[in-house]
Amino acid sequence: MNVPKSVLLVVNPAAGSYSADVTAEALRLVREAGPAVDLLLTRHPGHARALARAATGPGGPDVLVSLGGDGTAHELMTGLAGSPGHPALLVLPGGSGNSLYRELWSDRPWQSVLETALSAPHVRQVDLIRVAETRGTALLGASTGLAAQTLNPARGNAARGRDRYEKALLDALRTGFPPYPGRVTVDGAEVHSGDTVCANVGGGRYRAGRFMACPHSVLDDGLLDVCVAGTALPTPELLRLAREGHHVGREGVVYARGRRVVLERTDGRPLLFEYDGDLVRSGDATRYTLDVVPRALRVLAAGASHRAEMSQDRTHETPRKASTQIT
């Protein structure tokens with residue numbers, strides 16, 4: 001990608017770590033880099049999606065910058081995806097978890113990221129996840145069980161940043177979280193059946209900015225990774241190990257990958273399910289079908305040299321093939 005000549009900075013003032021000073025600094029840094037820049041603040045849920053769709057039209061920017069949380073990035077992604085030649089998306093950290101930012105840039109200072117992205121842009125065409133039952137699209141991933149259960153409590157507690165989600169998880173454990181009877185299939189093959197604490201599908205490696213739920217996942221390999229935890233591994237130990245992806249390979253934890261993942265609850269009760277941090281409220285749905293959409297979104301990300309530096313975040317890497325794998 002050539003050096004961008006125009007940038008649209010979309011800021012969510014309701015995001016978890018919004019700051020007017022950070023917005024002003026981001027605006028200043030873009031101007032100093034040279035591109036023409038416009039600033040728009042979102043006013044309500046869904047507004048970022050509408051702004052992204054408008055940006056795909058004639059005269060749109062070369063780069064669309066998201067300054068908000070993972071929810072803001074999700075809205076912008078859904079507005080851009082499916083439009084040929086859409087602006088490249090640059091995600092900056094302005095929320096609580098900032099999982100997508102960490103996925104793309106590790107925890108590198110955002111000022112340095114912005115400078116690099118505008119002076120030496122590197123585009124990755126990343127995969128998306130299509131949820132058949134809702135016709136929705138995800139980038140980071142989806143989950144059932146414990147992770148989905150804690151979404152609303154996390155938004156309501158007083159902790160800030162990534163601590164907010166961890167507090168909600170620990171609160172759920174203290175009050176007692178019941179596993180559910182579940183089944184998971186990958187490309188038609190059953191990989192798990194029985195008591196289920198959670199099933200995570202990526203997308204990205206990180207969820208809640210802190211847990212490597214799917215530590216081998218790659219955003220642009222044309223595959224979905226799925227990690228399912230049963231009850232053999234105590235849940236507090238699961239959470240501790242998941243910080244570094246060390247839960248993979250432990251008793252009761254199944255890891256697989258493929259192009260289609262089906263998550264089910266087998267007792268007829270509704271399956272608690274979220275994707276990209278949004279809890280699905282679909283009444284009595286007991287299953288969800290997730291399909292990979294390869295190379296569907298253009299994002300600015302670290303180049304090969306910086307990804308090598310980030311490789312220390314990747315644990316227990318395994319060979320990747322196009323067929324379903326189970327570990």
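Ala, Val, Leu, Ile, Met, Phe, Trp, Tyr, Cys and Pro count here as nonpolar, Asp, Glu, Lys and Arg as charged, and the others, Gly among them, as polar. With that in hand, welcome to the structure. It is a predicted model, in which local features need pLDDT of at least 70 and side-chain atom pairs count only at pLDDT 80 or more, while totals for chains, interfaces and linings use all residues. Residues are numbered from 1 along each chain as its sequence is written, and side-chain values use heavy atoms, with hydrogens and water left out.

Let us begin with the spaces. Rolling a probe the size of a water molecule over the atoms shows where empty space is left. On a 1 Å grid over the protein atoms alone, a cavity is a set of points where a 1.4 Å probe fits but cannot get out, and a pocket is an open set with protein on both sides within 12 Å along at least five of seven lines; lining residues have an atom within 4 Å of a point. Grid points are joined across faces, edges and corners, and a volume is the space filled by probe spheres set on the points.

The second largest pocket holds about 200 Å³ of space. Among the residues that line this pocket are Phe 177, Pro 178, Pro 179, Tyr 180, Arg 265 and Arg 269. Sorted by class, its lining has six nonpolar, two polar and two charged residues.

Two cavities of 30 Å³ or more turn up in a search of the whole structure. The largest cavity has a volume of about 60 Å³, and its lining includes Asp 127, Leu 128, Ile 129, Leu 139, Gly 202 and Gly 203. Eight nonpolar, three polar and one charged residues make up that lining. Strand E5 (residues 123-131) gives the most to it, with three residues; helices (H or I, at least four residues) and strands (E, at least two) are DSSP runs, numbered from the N terminus. The second largest cavity, at about 30 Å³, is lined by Asp 70, Ala 73, His 74, Leu 100, Leu 139, Leu 140 and Asp 276. Helix H3 (residues 70-80) supplies the largest share of this lining, three residues.

A cis peptide bond joins Gly 202 and Gly 203, with omega about 20°, and Gly 203 sits in the loop between E10 and E11. Most residues other than glycine have a negative phi, and most peptide bonds are trans. Asp 187 has a positive phi, near 50°, and is not a glycine; its place is in the loop between strand E8 (180-186) and strand E9 (189-196). Arg 295 also has a positive phi, of about 50°, although it is not a glycine. Arg 295 lies in strand E18, and its C-alpha atom is separated by 8.3 Å from that of Arg 124, 171 residues away along the chain.

Next come the charged pairs. How many salt bridges does the structure hold? There are 12, each being a side-chain nitrogen of Lys or Arg within 4 Å of a carboxyl oxygen of Asp or Glu. In one of them, Arg 205 pairs with Glu 103, the closest N and O atoms being 3.2 Å apart. This pair links distant parts of the chain, 102 residues apart: Arg 205 is in the loop between strand E10 (198-202) and strand E11 (206-207), and Glu 103 is in helix H4 (residues 99-105). Are these two residues, Arg 205 and Glu 103, buried or exposed? Both are buried, where buried means under 20% relative accessible area, exposed over 50%, and partly exposed in between (1.4 Å probe, protein chains only).

Asp 291 and Arg 260 form another salt bridge, with their closest N and O atoms 2.6 Å apart. Asp 291 lies in strand E18 (residues 287-300) and Arg 260 in strand E15 (residues 260-265), so the pair ties together parts that are 31 residues apart in sequence. Asp 291 is buried because its relative accessible area is 19%, whereas Arg 260, at 42% relative accessibility, counts as partly exposed. Arg 265, one of the residues lining the second largest pocket, has a salt bridge to Asp 267, the closest N and O atoms being 2.8 Å apart.
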